Amino acid sequence: MSLYCGIACTRRNLWCSRLLSTYVTKTRYLFELKEDDDACKKAQQTGAFYLFHNLAPLLQTADRRYTIPRFSLLEVERLLHKFGQDAQRVEDSVLIGCSELHEAWFALDLGLNSSFSIHASLPRSEVETELKGSFTELRKALFQLNSMDSSLLFTAQALLRWHDGHQFCSKSGQPTKKNIAGSKRVCPSNNIIYYPQMAPVVITLVSDGTRCLLARQKSFPKGLYSALAGFCDIGENVEEAVQREVAEEVGLEVESMQYSASQHWPFPNSSLMIACHAAVKPGQTEIQVNLRELEAAAWFSYEEIATALSRKGPYIQQQNETFPLSLPPKLAIAHQLIKEWLEKQTGASLSA
Ligand SMILES: NC(=O)C1=CN([C@@H]2O[C@H](COP(=O)(O)OP(=O)(O)OC[C@H]3O[C@@H](n4cnc5c(N)ncnc54)[C@H](O)[C@@H]3O)[C@@H](O)[C@H]2O)C=CC1
């Protein structure tokens with residue numbers, strides 16, 4: 001967005017260039033914190049900390065809404081001291097962003113403890129009482145948070161999980177050491193550097209021109225249908241992954257496809273969701289569900305999708321029971337794809 005903003009900048013539009021330079025300085029500042037341990041330590045002094053316990057973020061509730069409390073370094077150190085731990089535990093924290101005024105944001109998990117760590121887990125309920133909040137599963141909190149908060153917590157949880165699972169060098173077997181920002185881990189015995197990783201996943205909404213194809217897995221809540229998703233195989237590009245996934249899961253051949261958007265998705269591990277629309281030939285729409293991957297797949301009409309998005313149903317039959325068709329939550333990119341498809345259909349029918 002900032003790039004387009006910069007291109008479109010004119011003298012009349014000075015606020016635009018100011019926005020761009022704020023963004024650039026913020027990005028450069030974050031880069032410096034990732035590269036320079038001393039600068040990052042210094043940033044912790046004036047930074048804000050988000051607390052987690054076993055990957056569940058600390059949330060507070062006010063007027064039935066979740067808020068995310070932040071703590072200063074001093075407050076975190078006091079808390080650690082109160083539970084018999086030294087301030088060194090702050091080094092387990094990871095950098096997750098910063099404000100436009102360069103207040104650095106960190107996430108620290110008080111519950112994770114590895115087999116070799118000197119830091120034991122802090123007692124969850126006692127910390128909750130002390131901080132007047134509750135450590136809440138991120139999936140549960142998802143529906144209550146705005147998109148900025150959820151994206152920050154997604155990043156934090158993904159980074160904390162990655163560090164928890166990558167404490168040893170896969171070549172030497174020795175413990176690896178994280179840098180202060182948590183943007184990498186290094187094996188001291190052979191200098192191999194490990195960087196946090198995301199797995200690329202294609203998510204595709206297939207259309208035959210008038211209907212869209214949705215599918216469900218056994219593990220989905222009853223009535224929930226979504227777009228087709230699958231991990232990219234090694235060596236594949238996005239187009240090949242979309243074609244393969246659609247063929248594998250529902251037995252159809254993609255005729256054309258169009259990239260829509262992307263999203264970082266932390267469940268169950270970090271994925272980079274690459275969302276696309278795909279079209280099949282109108283005459284070749286017979287679905288053959290791969291039952292190893294899916295429980296069911298079906299074509300849905302404009303009216304059925306519009307009704308489901310307005311949360312009124314329609315109803316679908318599943319294992320001799322009837323459920324209202326439900327779609328992925330607003331924050332999920334699958335929801336965005338489905339909404340986009342619906343809007344395109346509306347545009348098409350309006351211009352017809
Ligand atoms: N944000 C969104 O709108 C949506 C996100 N997703 C996410 O997309 C991802 C993929 O979706 P599904 O295929 O339905 O998931 P899935 O978890 O059912 O995975 C399918 C299969 O892929 C293989 N697999 C698992 N992890 C892998 C990895 N890192 N690399 C390669 N293969 C792997 C396994 O054999 C697994 O059985 C999941 O993480 C899911 O949470 C799925 C749908 C919507």
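A: Start with a rule: two strands pair if DSSP finds at least two bridges between them. Strands themselves are DSSP runs of E with at least two residues, while helices are runs of H or I with at least four, and both are numbered from the N terminus. Residues are numbered from 1 along each chain as its sequence is written. The model is predicted, so local features need pLDDT of at least 70 and side-chain atom pairs count only at pLDDT 80 or more, while totals for chains, interfaces and linings use all residues.

Now the part itself. Three strands make an open sheet, ordered 7-8-9, with antiparallel pairing. Strand 7 (177-178) and strand 9 (193-194) are the edges. Each has a single partner strand, so one side of each has no neighbour in the sheet. Strand 8 covers residues 185-186, and two bridges tie strand 7 to strand 8. In that pair, lysine 177 faces valine 186 of strand 8. In general, strands of a sheet pair through backbone hydrogen bonds, either parallel or antiparallel.

Step back to the whole chain. It has ten helices and 17 strands. Its C-alpha trace spans about 65 × 60 × 50 Å along the principal axes. Of its 352 residues, 28% count as buried. Buried means that 20 or more other C-beta atoms, placed from the backbone, lie within 10 Å of the residue's own; 12 or fewer means exposed, and in between is partly exposed.

Next, the domains. Domain 1 is 23-194, and domain 2 is 199-310 + 323-351. These bounds come from an automatic or database domain assignment. The C-alpha centres of the two domains lie 34 Å apart. Ten residues from domain 1 and six residues from domain 2 form the contact, where two residues touch if their C-beta atoms, placed from the backbone, lie within 7 Å. On the side of domain 1 that touches domain 2, helix 7 (residues 147-165) gives the most, with seven residues. That side divides into five nonpolar, four polar and one charged. Here Ala, Val, Leu, Ile, Met, Phe, Trp, Tyr, Cys and Pro count as nonpolar, Asp, Glu, Lys and Arg as charged, and the others, Gly among them, as polar.

Last, a record. UniProt lists residues 196-322 as "domain: Nudix hydrolase", in an unreviewed entry. Such annotations may be inferred rather than shown by experiment. The span is 17% helix and 39% strand, and its end C-alpha atoms lie 43 Å apart.
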